[in-house]
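Open the model in your viewer and keep the sequence panel beside it. This tour tells you what to select at each stop and what is there.

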Amino acid sequence: SPVGFTFMPGGKLVYVERHTGWLRFRTLGTGVDRRIHRITNVNSTGERGALGVALHPDWPNRPFVYVFVTRNTADGLRNQVLRIKVVGGDGVGVRKILSVAAGPASNHNGGRILFGPDEKLYVVVGDNANPANSQDRSFNLRGKILRINPDGSIPATNPFDTRIWAYGIRNSIGFAFDPRTGRLWEQDNGPGCNDEVNRIVKGGNHGWGPSQNCPNTNNSGPTPRILPKHTFVDTVGLTGLVFCDDCGLGTGFNGDLLVGAVNDGRIRRFDLNTRRRGFDTGPRLVLDRPGPVLSLEVGPNRRIYFSDFGAIYRLAPM
């Protein structure tokens, strides 16, 4: 179950096993696959587990791998971001830089982590199946997109002097930065309607909360409420998303946003408008397969890769 994966600058694959907690490095050219470090006390019930992985933006000078993982701890069930120091192909030290309560529900867990162009680490945590979490900005980090420094501290430029970057999030496991503008785009799954593709706004309320139900799923909390750029009326289970930046699929794809889905196994694309703040067209079908699509990532030579519960694939033209 390689839900979370990424790539080193030289092209080596870095991934985590959701159930076992193993962090692994794989050399794509030779197929050599090496276990680097095993995270202990992983809880993979429901939508939990080792779910996200990212490299320090100054890798390998700063040899840190970051993993989002749900763990059984002395303080109860927690969603944590761990910073693992890797020396000589082995994990030699682990530091906890974020810890968020993860119970009692086992779904809406989040897990996507990614360094932005500002070299801050962005983390999404789901509402844990409690919509009130998404609007609670006190000390509640669930139902939010978080932004932290590589050491886990709070950036001075965050909007609320906390780790919260945006709120009103329900059930998200995917986001990506537009390489042309640096803007953050995210997917959010609705309750029985309105799976969303969102452009995330700093300090923005994206509307999910205790007042919500179909068909009005963006009607909680203070105004202005940031509305989606596209909604799927019938839920498809949106997962990872990524931008095609000369990704080898043809000129017609260049600059498009690609979105995966777990329910129907499809990858779809959206053509952004001139200002890259919304869509001109989409969704258009890219791939229809019998299994789920989970994470989407940009790999070597800007090619696009995606995972399911059993493998990692490269998206290629027919």
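Buried means under 20% relative accessible area, exposed means over 50%, and partly exposed is in between (1.4 Å probe, protein chains only). This is a predicted model, in which local features need pLDDT of at least 70, side-chain atom pairs count only at pLDDT 80 or more, and totals for chains, interfaces and linings use all residues. Residues are numbered from 1 along each chain as its sequence is written, and side-chain values use heavy atoms, with hydrogens and water left out.

**Stop 1: Asn171**

Select Asn171. Strands here are DSSP runs of E, at least two residues long, numbered from the N terminus. Asn171 sits in the loop between strand 12 (164-167) and strand 13. Is Asn171 buried or exposed? Asn171 counts as buried because its relative accessibility is 10%. Now show its contacts (heavy atoms within 4.5 Å). Leaving aside residues up to four places away in sequence, Asn171 touches Glu47, His108, Asn109, Gln187, Asp188 and Asn189.

**Stop 2: the sheet with strand 13**

Follow the chain into strand 13. Two strands pair if DSSP finds at least two bridges between them. Zoom in on strand 13 and strand 14 (residues 184-188): three bridges join them in the antiparallel sense. Phe175 stands opposite Glu186 there.

**Stop 3: strand 18**

Select residues 257-261. Why is strand 18 largely enclosed by the rest of the structure? Five of its five residues are buried, so the strand is largely enclosed. Colour by side: Leu257, Val259 and Ala261 are buried on one, Leu258 and Gly260 on the other.

Strand 17 (residues 238-243) runs antiparallel to strand 18, with four bridges between them. Look for Leu238 opposite Ala261. Strand 19 (residues 266-272) also pairs antiparallel with strand 18, over four bridges. Here Leu257 has Phe270 as its bridge partner. Four residues separate strand 18 and strand 19 in their hairpin, where Gly265 takes a positive phi near 70°.

**Stop 4: pockets**

A pocket is an open set of points on a 1 Å grid over the protein atoms alone, with protein on both sides within 12 Å along at least five of seven lines; lining residues have an atom within 4 Å of a point. The largest pocket has a volume of about 840 Å³. Its lining has 31 residues, and Thr6, Phe7, Leu114, Phe115 and Val298 are the closest to its centre. By class, that lining holds 20 nonpolar, five polar and six charged residues.

The second largest pocket holds about 510 Å³. Select Glu47, Ile173, Thr239, Val262 and Leu294, which lie nearest its centre among 29 lining residues. Strand 5 gives the most to this lining, with three residues.

**Stop 5: the cavity**

A cavity is a set of grid points where a 1.4 Å probe fits but cannot get out. The whole structure has one of 30 Å³ or more. The largest cavity has a volume of about 60 Å³. Its lining includes Gly168, Arg170, Asp188, Asn189, His206 and Trp208. By class, two lining residues are nonpolar, seven polar and three charged.

Terms used:
Grid points are joined across faces, edges and corners, and a volume is the space filled by probe spheres set on the points. Ala, Val, Leu, Ile, Met, Phe, Trp, Tyr, Cys and Pro count as nonpolar, Asp, Glu, Lys and Arg as charged, and the others, Gly among them, as polar.
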